[in-house]
Amino acid sequence: MTVTQADGTGTALAVPIRVVLRASDAFLEHATGAYLQSHSGVNIVPQQGLPDVDVSVMLLHCLNDDWLRVLRQDAARAGGAPVPVVVMADRVNEQQLTLAVEYGLTSFLYRSSSSLEQLLDATIEASSGRSRFPNELVGHLIAELGHQQRQQTLAQLSRRGGLAPREIEVLRMLSEGMNTLEISEKMSYSERTIKGIIHETVKQLNCKNRTQAVACAVRTGIL
């Protein structure tokens, strides 16, 4: 989508973006649709137009499980590249937010603190690959991305070293000087389970003790 900036007058689009709009109630959908449609750069199309649209916009009381199901179905219809989604809602919890991002959520705005003009801007930005989230939600998404990357790294190391991800995690904590009690509290396992994991890991690496196992893991690139 070609986007040009009009000096001091907002955003002007060379080609109108095709938008599917859905809302928690018909009045909200009609009023918002009329506002977005009044912008020359936006063309509201029927829901049946999915997935061949540029942006999906949702105005909700709450991004709940029912609406997440809609997002998941939309993403499935779109195949490998979900349609960018802009949601304006009263509330969302962190788990729902993370799932929604997987299904194409690009921008989230709180209804209580956002205007229709901001919704329009977010919709236009989404069509060109840009996002906007409240600061507190950005922090959660960054933390979640870091966790996912760490889990992916553990899976890759697991394939390389022949160890399970949790065995690598225990080795990593041992290398940081943590004892079995601290590890059990960190991983929410019993201390007995952690000791069992260490025993099996030492055995699998053909080492005599946990110190040798940590050294072996570092030397072979597992840690």
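Reply: S188 lies in the loop that links helix α7 (180-187) to helix α8 (191-204); helices here are DSSP runs of H or I with at least four residues, strands are E runs of at least two, and both are numbered from the N terminus. The model is a predicted one, in which local features need pLDDT of at least 70 and side-chain atom pairs count only at pLDDT 80 or more, while totals for chains, interfaces and linings use all residues. Residues are numbered from 1 along each chain as its sequence is written, and side-chain values use heavy atoms, leaving out hydrogens and water.

The backbone of S188 has a phi near 60 degrees, a positive value in a residue other than glycine. S188 counts as exposed because its relative accessibility is 65% (exposed is over 50% relative accessible area, buried under 20% and partly exposed in between, with a 1.4 Å probe and protein chains only).

With a relative accessible area of 71%, N206 is exposed.

Helix α4 has 12 residues, 116-127, and spans 17 Å from its first C-alpha to its last, close to the 16 Å expected at 1.5 Å a residue (the expected span is 1.5 Å times one less than the number of residues). Its buried residues are L119, L120, A122, T123, I124, E125, A126 and S127.

Helix α2, which covers residues 65-78, contains R72. R72 is partly exposed, because its relative accessibility is 40%. Although 27 residues separate R72 from L99 in sequence, their C-alpha atoms are 8.9 Å apart in space.

In the chain as a whole, there are 9 helices and 7 strands, and 42% of the 223 residues count as buried. Of the contacts (heavy atoms within 4.5 Å) between residues at least 6 apart in sequence, 62% join residues at least 24 apart.

The confidence of the prediction also deserves attention. The average pLDDT, the predictor's confidence in each residue from 0 to 100, is 80 for the chain, and 80% of the residues score at least 70. Over residues 1-11, however, pLDDT stays under 50, and the model has 20 contacts for them beyond four places in sequence. Where pLDDT is low, predicted coordinates should not be read in detail.
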